[in-house]
Amino acid sequence: LVLFKPFSVLRNTRLHSPKSRFTRYPSWNTKMYPVWKDEDPQYKNSWKGGKMKFIMGNDAPTLTGANVTFTIELRFPHNQKVTPDGEVVWAENCTVNGTNYHQSEPVYPAQNTDWNGVFPDGTPFKKGGDKPPAYVFVWKTWGKYWQVSDGPSSSLTIGTDDVPLGSYIVDIVIYHYRSHEKFIPLGYASTQFSITDQIPFAVSMTQVNDINEADLSFVQNRAIAFTISLHDPSEYLSDADITYNWDFGDSSVALISRELTVTHTYIVAGGFKPQVVVQAVIPDKACATPAGVNPTGNAVTIGPANPAGTTGHSYLETATGQAPVWIVVKRDANDKPKDDDCVIYRYGSFCTGIDIVGKSTQRNPVLRVSLSVSDPVSVLHPVLHADCFMPVHTMCNTVAPSSECQLVLLAITSAKVSVTVGMYCKMSALHICLATS
């Protein structure tokens with residue numbers, strides 16, 4: 001399997017120095033939600049038992065118009081663990097700063113459960129259970145903020161309509177409910193994400209009996225499978241009409257397909273550059289949505305960069321998970337039709353170089369044999385010379401007992417196979433002869 005990605009994985013998980021990037025919101029209740037300055041000594045003791053870590057990510061690159069999801073997971077000190085209901089307890093008996101703690105004892109016992117909490121901007125929590133959520137996450141990007149009340153892991157999904165293409169950073173500040181009308185900031189984190197008008201996708205190429213999966217070398221007169229994997233986590237393209245225009249670079253006729261996997265056989269040795277252009281015709285939801293009706297989603301309280309006097313609605317977020325950051329390369333497709341007739345056109349492209357070689361240049365073909373037997377035996381794995389006359393190296397592995405007796409031949413080359421086994425359930429070696437056709 002050879003896997004190519006027109007975008008690379010870049011995981012951006014880091015803990016920011018606490019900065020004053022949220023102090024400009026005049027409507028925030030800074031008494032309930034204090035904003036500590038950079039290198040404030042209070043951060044050192046913001047969590048009992050040790051330092052916390054924030055694992056943050058997203059599922060970008062995001063095709064413009066699709067939703068992007070951000071995730072965060074709180075990692076607690078090694079002597080603590082999270083119970084199924086989200087409570088953090090001591091994982092073992094321990095002593096911290098002279099105080100003894102017992103296993104399974106809550107690190108921060110539950111406080112007043114009758115209190116109806118509010119977000120930093122004064123918006124009340126939506127009632128979501130018997131006790132107030134332990135954490136408040138405030139996400140910020142594009143000059144807006146989103147407030148989420150949740151457990152030790154959380155996510156936020158927002159739309160990208162009308163957002164300019166480019167790379168962005170989303171910042172988050174994490175608060176922990178400590179007492180009545182008191183939340184303690186645990187720290188800041190951020191992750192980078194990108195919005196593109198190019199369809200993100202990956203291409204894998206496989207060939208039966210490929211010896212070296214990473215050398216971009218394949219055998220002539222043997223089919224190669226080209227498989228496309230679209231990166232569409234929000235299913236924005238679920239209703240799109242998607243076509244794949246393949247040019248295999250060997251003067252063969254171009255192939256237009258709606259299948260994710262196609263095959264092609266190169267009959268001449270040499271270097272080639274297969275390429276594909278992906279076209280998606282997407283129904284424009286703006287044509288079907290009545291004016292004044294906002295689509296629903298996972299959005300929580302949203303505010304502008306200077307949200308004095310703003311109002312909104314809050315939701316209890318419980319989604320968990322994490323995702324990497326992706327970066328997309330530029331496409332190379334020209335003369336695109338314009339978006340009209342209530343459809344949107346989006347494209348993506350991919351090109352790579354491969355080598356096609358004759359069979360005689362394939363070195364050290366391997367015949368792998370596995371044997372399922374009723375008694376333990378040693379199985380001989382012949383590693384054959386290119387001319388298939390005699391083994392040049394052997395490896396013997398012990399086979400565990402099995403209730404069945406089966407002979408399974410894997411990775412057989414295009415050859416005539418003669419197998420001499422006898423009573424192979426009891427034998428100590430397997431003799432196989434290959435004669436090329």
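This is a predicted model: local features need pLDDT of at least 70, side-chain atom pairs count only at pLDDT 80 or more; totals for chains, interfaces and linings use all residues.
Local features were considered at pLDDT of at least 70 and side-chain atom pairs only at pLDDT 80 or more, whereas totals for chains, interfaces and linings use all residues. Residues are numbered from 1 along each chain as its sequence is written, and side-chain values rest on heavy atoms, with hydrogens and water left out.

The protein chain contains zero helices and 33 strands; helices (H or I, at least four residues) and strands (E, at least two) are DSSP runs, numbered from the N terminus. Of the 437 residues in the chain, 43% are buried, where buried denotes under 20% relative accessible area, exposed over 50%, and partly exposed the range in between (1.4 Å probe, protein chains only). The chain exposes about 23,100 Å², of which carbon and sulfur atoms supply 51%; these areas come from the Shrake-Rupley method with a 1.4 Å probe, and for residues only the protein chains shown count as cover. Among contacts (heavy atoms within 4.5 Å) between residues at least 6 apart in sequence, 68% join residues at least 24 apart.

Two strands are taken to pair if DSSP finds at least two bridges between them. Strand β4 (residues 53-58) is joined to β6 (residues 67-75) by six bridges in the antiparallel sense, and N58 has F70 of β6 as its bridge partner. On the β13 side, seven bridges connect β6 with β13 (residues 153-159), again in an antiparallel arrangement. Within this pairing, T71 lies opposite S155 of β13, and E73 lies opposite S153 of β13.

A further open sheet of three strands has the order β17-β27-β22 and mixed pairing. Its edge strands are β17 (217-219) and β22 (270-272), each of which pairs on one side only. Neighbouring strands of this sheet are turned against each other by 30° on average, direction ignored. Three bridges link β22 with β27 (residues 354-357) in the antiparallel sense, with G271 standing opposite D355 of β27.

Side chains of opposite charge can pair when their charged atoms come close. Two salt bridges are present in the structure, a salt bridge being a side-chain nitrogen of Lys or Arg within 4 Å of a carboxyl oxygen of Asp or Glu. In one of them, R75 pairs with E73, and the closest N and O atoms are 3.2 Å apart. Both partners are partly exposed: R75 has a relative accessible area of 38%, and E73 has one of 26%. Another salt bridge brings together the side chains of D241 and R258, at 2.9 Å from N to O. This pair links distant parts of the chain, 17 residues apart, with D241 in strand β19 (residues 241-247) and R258 in the loop between β20 (255-257) and β21 (261-264). D241 is partly exposed at 32% relative accessibility, whereas R258 is exposed, with a relative accessible area of 55%.

Definitions and conventions: Axes are lines fitted to C-alpha atoms, for helices over the stretch in contact, and angles run from 0 to 180 degrees between N-to-C directions.
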